[in-house]
Amino acid sequence: MKDFMMIFIGADYQELGLSPEQLQERMGKWFAWNDKMEGQGILKGGNALVPVVKHVSGPNRTITDGSLVEGKELVGGYYIVSAENADAVVEIAQDYPDYDLGGTVEIREVMVFDK
């Protein structure tokens with residue numbers, strides 16, 4: 001088995017103006033998907049991310065602060081799962097709760113370095 005990161009890209013729920021009821025329903029879908037993967041023993045971890053970012057870049061270590069919601073898409077969170085290959089993770093991603101909101105799942109294999 002290999003580890004893969006599923007990176008969740010989409011709009012910020014607050015920016016979409018979802019009602020409290022819609023947010024509750026959406027969270028229920030996320031919890032159900034999470035529970036399904038935990039039950040299968042493939043979920044290794046993951047978190048939601050706050051849409052505020054601090055960038056440090058370049059040789060001078062330039063620091064910029066900002067909100068990612070200014071863009072059309074943001075990385076809203078990630079899961080790390082165990083699977084045989086990327087195609088298996090594509091199948092796991094079929095239940096991603098935010099496809100109906102235009103969301104995307106980016107799938108990346110976790111690189112393992114030998115010491």
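## Close-up views of the sheet and its pocket

**View A. Ile9 meets its partner in strand 6.** The bridge partner of Ile9 in strand 6 is Thr104. Strand 1 and strand 6 pair in the antiparallel sense, over six bridges; two strands pair if DSSP finds at least two bridges between them. Strands (E, at least two residues) and helices (H or I, at least four) are DSSP runs numbered from the N terminus. This is a predicted model, where local features need pLDDT of at least 70, side-chain atom pairs count only at pLDDT 80 or more, and totals for chains, interfaces and linings use all residues. Residues are numbered from 1 along each chain as its sequence is written, and side-chain values use heavy atoms, with hydrogens and water left out.

View B. The order is 2-5-1-6, with antiparallel pairing. Strand 2 and strand 6 (104-109) are the edge strands, each pairing on one side only.

**View C. Helix 2 across the sheet strands.** Helix 2 lies across strand 1, strand 2 and strand 5; contact means heavy atoms within 4.5 Å. Helix 2 runs at about 20 degrees to strand 5 (axes are lines fitted to C-alpha atoms, for helices over the stretch in contact, and angles run from 0 to 180 degrees between N-to-C directions).

**View D. The largest pocket.** Its volume is about 520 Å³, the space filled by probe spheres set on grid points joined across faces, edges and corners. On a 1 Å grid over the protein atoms alone, a pocket is an open set of points where a 1.4 Å probe fits, with protein on both sides within 12 Å along at least five of seven lines; lining residues have an atom within 4 Å of a point. Of the 24 lining residues, Tyr13, Met27, Trp30, Ala48 and Gly76 are the closest to the pocket centre. Strand 5 gives the largest share of the lining, five residues.
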